[in-house]
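User: I've got a model open and would like to talk it through. Could you take my questions one by one?

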Amino acid sequence: MSVDMREESDVDHVAGEARPKKLLLRALAGERTERPPIWLMRQAGRYLPEYHDVREAAGGMVGLCNSPEHAVEVTLQPLRRFTLDAAILFADLPQIAAALGQTLEYRVGDGPVLTPPIRSTSDITEFLSASRLHEELAPIYETVRRLTRALPDEITLIGYAGAPWTVATYMVEGRGGGSSEHSIVKQWALSDPEGFQPLIDLLTAATIEFLDRQIQAGAEAIQLFESWAGILPDPLFQRWCVTPVAAIVAALKAKHPSVPIIAFPRGAGLAYNGFAEATGVDCVGLDSAVPVEWAARKVQQELGRCVQGNLDPQLLVAGGPALHAETDRILNALSGGPFVFNLGHGIVKTTPPEHVAALAQQVRSWSAALTQ
């Protein structure tokens, strides 16, 4: 892979202290960089023809996620095609639920299915336990270790997990994906918050341990996916989204203060800046509905935090002038502060790979426009 990283060839210094060499880590540390680093949610996956070959060889999604050899290969595939600044560990959000005791399978048309669904406080006690957590997640830790050896020096390795509320929606509804209205989990959380709390507590503790082990294995940054933040009313958003993420951040920062944490509270709307401030995350990922001028003012300027996002994935499918114009608009709005270019959600399976290549080239060319 050929990556032009000449602007990052030396370690710079701020206030007499060495700052991270890698472009992404510098942006996550709150620095306005020469150009925004770029990586993309779901950059490894089903829009790439070569991904399907590896998934088939692994025997399906569960086999792929639990095979370090295959998971490393899939993680590296987009980096061979595109000039990106980070790799994100290839795994899947429900794996931690499986490690706690549910059975995980992938059904055509349904995506991930978890059985038995957790529908009561007694189900938590009967079916779930953290006693085998690290044993069950050991293949993921091995994937991280192998990636630290396989990645080019200039590429940042991102570990990740689902935030407790989002993983709880999978565990209670019994499936992932966006077709459900989440009525079952919302009814439980709304009508019996004290009964629901032990599930969030279990997931918070397990996620701390899961991410701690990823960092020990070599992950240089962490992303927490709060994919279903937007379905909660504000009081429960604070309880089920903000409080658990703040606890995870505090615990990880106590052990790994130099490892930056990104959180992606999709659908949080006007609560984005309050979420960033209350949780202590280093960077907040923006979904595609967030006005970038608002984010620049409220998150970058007023809080001094890095923002990440927020190109609509459908524009990446469309390509051409529409993609170029919106990318330019986002770059103009957010490049004045610490900023990581990304999507407002993950790459969709119908995305032409050549559009990803064009996007990466446009973002990387931004440095030339600023420094000439």
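User: How confident is the predictor overall, and what is the mean pLDDT of the protein?
Analyst: This is a predicted model, so confidence comes first. Of its residues, 92% reach a pLDDT of 70 or more. The mean pLDDT is 92.

User: Which radius of gyration does the protein have, and why does it agree with a compact globule?
Analyst: The C-alpha trace spans about 65 × 45 × 40 Å along its principal axes. For 372 residues, a compact globule would come out near 21 Å, which agrees with the protein's radius of gyration of 20 Å.

User: What is the make-up in helices and strands, and what share of contacts joins residues at least 24 apart?
Analyst: There are 16 helices and 11 strands in the protein. Take the contacts between residues at least 6 apart in sequence: the share joining residues at least 24 apart is 72%.

User: How far apart are the centres of the positive and negative side chains?
Analyst: The protein carries 31 positive and 43 negative side chains. The centres of those two sets are separated by 1 Å.

User: Is Thr-156 buried or exposed?
Analyst: Thr-156 sits in strand β6, residues 156–162. Leaving aside residues up to four places away in sequence, Thr-156 touches several others, including Lys-22, Asp-85 and Glu-220. Buried means under 20% relative accessible area. Thr-156 has 0%, so the word is buried.

User: Leu-25 is on the contact list of Thr-156 too; what separates the C-alpha atoms of Leu-25 and Ala-221?
Analyst: Leu-25 is in helix α1, residues 23–28, and is buried because its relative accessible area is 14%. Thr-156 touches both Leu-25 and Ala-221. Leu-25 and Ala-221 are 196 residues apart along the chain, yet their C-alpha atoms are separated by 7.7 Å.

User: How many residues of helix α8 are buried?
Analyst: Helix α8 covers residues 164–173 and is mostly covered. Among its buried residues are Trp-165, Tyr-170 and Glu-173. Just after α8, Gly-174 takes a positive phi of about 85°. The buried count for α8 is 10 of 10.

User: Which peptide bonds are cis?
Analyst: The bond from Gly-309 to Asn-310 is cis, with omega near -20°, and Asn-310 is in strand β10, residues 306–311. Pro-116 is in the loop between β5 and α6. Another cis bond, with omega near -10°, runs from Thr-115 to Pro-116.

User: What phi does Arg-42 have, and is Arg-42 buried or partly exposed?
Analyst: Arg-42 lies in the loop between α1 and α2. Most residues other than glycine have a negative phi. Arg-42 is not a glycine, but its phi is positive, about 60°. With 47% relative accessibility, Arg-42 counts as partly exposed.

Key:
Residues numbered from 1 in each chain as written. Predicted model: local features only at pLDDT ≥ 70, side-chain atom pairs only at ≥ 80, totals over all residues. Heavy atoms only, no water. Helix = DSSP H or I, 4+ residues; strand = E, 2+ residues; numbered from the N terminus. Rg over C-alpha atoms; globule rule 2.2 N^0.38 Å. Contact = heavy atoms within 4.5 Å. Lys, Arg positive; Asp, Glu negative; His and termini not counted. Charge placed at Lys NZ, Arg CZ, Asp CG, Glu CD. pLDDT = per-residue confidence, 0-100. Buried < 20%, exposed > 50% of the residue type's maximum accessible area, 1.4 Å probe, protein only.
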